[in-house]
Amino acid sequence: MTDLLTTRDTGSRVTHTLDAIDAATRERGILDEGSKREIRRATLTAVCVPGYLTPFGSREMPVARGWGSGGLQVTLGLVGGTDVVKVIDQGDDDGVNATNLRRLIESSEKCASTKDTRESTIIQSRHRIPEEPMSEDQILVLQVPNSEPLRAVQKSVTECARMHAEADYSMMWVSLYEDLVRNGVITKTTGYPVLVDDRYVMITSPIPRWDVPRLDNSPHLTLLGAGREKRIFAVPPYTPVQPLTFDDVPFEVEGSDDQVCVRCGSSDTFLVEASPGRMMCSDVEWCTRVVDADIDEALHSAHAPMQFLPDPQRRVRAAHAATRRDPAELTDRPVPAHPDGWTLAVRDVGKVHGPGGADAVPGTGPDTGTAISPVTGAVVAAWDVSFDVAPGEALGLIGESGSGKSTVLRCLIGDDKATNGSMFLTTVGGGTTDVFTLDDTERRALRIDTLGLVHQNPADGLTMTVSAGGNIAERLTAAGWRNYYEIRDRAAYLLEKVEVPLERMDDPVHTFSGGMRQRVQIAKALATDPRVLLLDEPTTGLDASVAAGVLDLLRNLLAERDTAAVVVSHDFAVIEALTDRTLVMNVGRVVETGLTDQLFQDPHHPYTQRLVAAARR
């Protein structure tokens with residue numbers, strides 16, 4: 001397949017690749033024609049959407065485990081009779097796997113093979129990009145042991161797909177942050193994450209960091225095939241590929257400038273240890289050609305990533321050159337208010353679980369004592385709930401379990417879709433856009449810098465295997481922070497604010513007590529200085545003394561910020577300690593509203609009187 005992609009234009013990518021595939025000879029071999037068509041179609045999709053994991057259909061390859069069935073499937077799907085194939089395994093053309101794979105491809109597809117990179121049109125490689133710089137008329141096929149870059153940080157396949165769709169890669173940044181915290185440098189070798197075409201994060205498994213810079217704007221087409229997962233992803237020619245790295249922590253490759261190959265004397269190649277203290281070129285073909293003086297030394301040197309070798313001085317210079325903001329800076333941001341004085345406005349919110357919508361409401365509520373509709377059988381969890389919250393004001397929603405208060409909060413967050421009503425924020429369309437009309441992606445984006453959420457269970461708001469600082473880093477990187485030391489400063493500032501000892505900053509939160517976990521969750525919620533803070537039963541499950549400490553902390557934090565807060569609780573003591581005004585809910589309806597201290601001192605509704613009496617016991 002020699003008519004390859006030579007342009008950055010997407011239409012030309014498709015046309016040129018399709019012409020090349022159609023021109024390829026398709027003799028029946030180890031892959032049937034249907035499988036080959038599936039692979040070629042997936043390849044076209046992958047070329048059109050660089051870095052995107054494209055599924056394909058193909059039967060299992062009859063090869064031994066470890067032979068790289070994903071790379072073999074891609075090669076067999078694209079190779080034609082006029083192609084010349086080179087197979088490398090562990091940098092060697094003559095290894096057992098490389099020899100057997102080369103023979104299999106030759107016999108199946110009736111094509112020629114070579115050990116010379118310069119003569120090949122398709123190179124199937126395991127672990128390396130050849131040292132010989134590749135050209136526009138070549139394809140590199142890599143066999144990938146693990147196709148999904150997010151599985152290391154997210155186990156849910158559905159959530160991984162959502163994260164890719166929304167370019168939500170904050171957890172990838174957290175993994176780099178944690179590596180730096182533990183080791184002082186990023187130690188990840190093969191599978192280093194990169195951003196392809198400024199859109200999709202892709203892992204560069206199986207190649208080492210040394211080869212990552214050579215993917216950027218390379219003239220050849222790179223295809224990565226994962227056999228078991230049946231995924232193909234592509235880096236088309238002249239596509240930008242940038243490693244994920246913090247602004248103040250330079251990207252580095254393996255090796256050092258004083259290492260040389262003991263066989264050929266090369267110092268600008270990827271070296272592996274042959275024996276203790278003895279390094280050799282990973283690419284055996286290149287090493288042999290250097291010995292035979294059969295190389296273009298200047299061309300190779302221009303492609304070698306020597307500028308990325310580890311340099312402690314460069315790390316220091318990068319850290320000093322990066323601009324770092326004051327960790328308290330965000331708290332100085334003015335909080336916009338609507339002309340009517342509110343930051344958050346909720347109008348006639350209702351949620352019905354089941355059929356009927358508004359038609360299910362009659363016959364439910366405090367007057368009948370039931371939330372189950374006698375008309376449709378649906379559950380009217382909440383209905384006709386309205387309130388405003390001003391900058392610096394805290395509003396309480398109180399009621400027993402099942403009263404509807406948590407349902408209202410889930411509608412505001414976006415976890416539940418409201419059946420009725422509207423929600424307005426002054427930061428969204430100047431307070432004229434109904435937040436409920438935004439799509440799920442836009443709603444989630446609001447939770448990064450506009451809405452802060454503190455869950456009843458800290459495990460719902462924290463990644464328990466990640467450090468306290470790393471949890472705060474997750475929210476900051478999602479908001480676009482890319483300065484490692486700036487993130488560290490902000491995390492330390494917030495943890496100090498919530499009275500978490502800084503010597504525990506780098507400990508995973510699963511080692512913390514319940515109260516300390518809740519404090520870390522509060523710090524995370526405040527990381528981007530949200531305009532609205534939502535607290536869902538913030539002290540439930542905590543010992544009385546610990547709960548009192550958390551309440552004192554929240555009271556002080558709310559007092560010093562101009563943040564609007566909504567506090568949901570069944571405990572009047574919590575509402576009394578934190579809020580200015582309160583809505584009392586019963587069977588999905590608001591039955592009484594007023595200033596919190598007045599409600600506590602002089603409740604009017606019988607249900608409120610029972611709550612206050614219970615709180616005074």
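User: Where does Glu 537 lie?

Analyst: Glu 537 lies in the loop between strand E18 (532–536) and helix H16 (544–560). Helices (H or I, at least four residues) and strands (E, at least two) are DSSP runs, numbered from the N terminus. The model is predicted, so local features need pLDDT of at least 70 and side-chain atom pairs count only at pLDDT 80 or more, while totals for chains, interfaces and linings use all residues. Residues are numbered from 1 along each chain as its sequence is written, and side-chain values use heavy atoms, with hydrogens and water left out.

User: Why is Glu 537 called buried?

Analyst: Buried stands for under 20% relative accessible area, exposed for over 50%, and partly exposed for values in between (1.4 Å probe, protein chains only). Glu 537 has a relative accessible area of 6%, so it counts as buried. Its phi is near 45°, a positive value in a residue other than glycine.

User: Is Glu 499 buried or exposed?

Analyst: Glu 499 has a relative accessible area of 54%, and is therefore exposed. Its place is in the loop between H14 and H15. Glu 499 also has a positive phi, of about 65°, although it is not a glycine.

User: What makes Glu 496 count as exposed?

Analyst: The relative accessibility of Glu 496 is 53%, so this residue counts as exposed. Glu 496 is found in helix H14.

User: How many aromatic pairs does the structure hold?

Analyst: The structure holds 9 aromatic pairs. In one of them, Phe 246 and Tyr 484 have a centre-to-centre distance of 5.8 Å and an angle of 55° between the planes. Phe 246 is in the loop between strand E10 (241–243) and strand E11 (271–275), whereas Tyr 484 is in helix H14 (residues 484–497), and the two are 238 residues apart.

User: What makes the pair of Phe 251 and Phe 308 edge-to-face?

Analyst: The ring centres of Phe 251 and Phe 308 are 5.7 Å apart and the planes stand at 70°, so the pair is edge-to-face. Phe 251 lies in the loop between E10 and E11, and Phe 308 in the loop between helix H8 (297–303) and helix H9 (312–321), so the pair ties together parts that are 57 residues apart in sequence. With a relative accessibility of 7%, Phe 251 counts as buried, whereas Phe 308, at 24%, counts as partly exposed.

User: How do you know that the charged end of Arg 325 sits over the ring of Trp 481?

Analyst: The criterion is that NZ of Lys or CZ of Arg is within 6 Å of the ring centre and within 35 degrees of the ring normal. The charged end of Arg 325 is 3.9 Å from the centre of the Trp 481 ring and sits over that ring. Likewise, Arg 199 lies over the face of Tyr 200, at 4.3 Å from the ring centre.

User: How many disulfides does a search of the whole structure find?

Analyst: The search finds 0 disulfides. Cys 281 is in none, and the nearest cysteine sulfur, that of Cys 264, is 3.5 Å away. Cys 281 is buried, at 6% relative accessible area.

User: Why are H13 and H15 called roughly parallel to each other?

Analyst: Helix H13 (residues 468–478) and helix H15 (residues 514–525) pack at an angle of about 25°, with their axes 9 Å apart. Axes are lines fitted to C-alpha atoms, for helices over the stretch in contact, and angles run from 0 to 180 degrees between N-to-C directions. Angles under 35 degrees count as roughly parallel, over 145 as roughly antiparallel, 65 to 115 as roughly perpendicular and the rest as oblique. H13 and H15 are therefore roughly parallel.

User: What makes H13 and H14 oblique to each other?

Analyst: H13 and H14 pack at an angle of about 120°, with their axes 9 Å apart. That angle falls among the rest, and the two helices are therefore oblique.

Note on methods:
Rings of Phe, Tyr and Trp (its six-membered ring) pair if their centres lie within 6.5 Å; planes under 30 degrees apart count as stacked, over 60 as edge-to-face and the rest as tilted. A disulfide is a pair of cysteine sulfur atoms within 2.5 Å.
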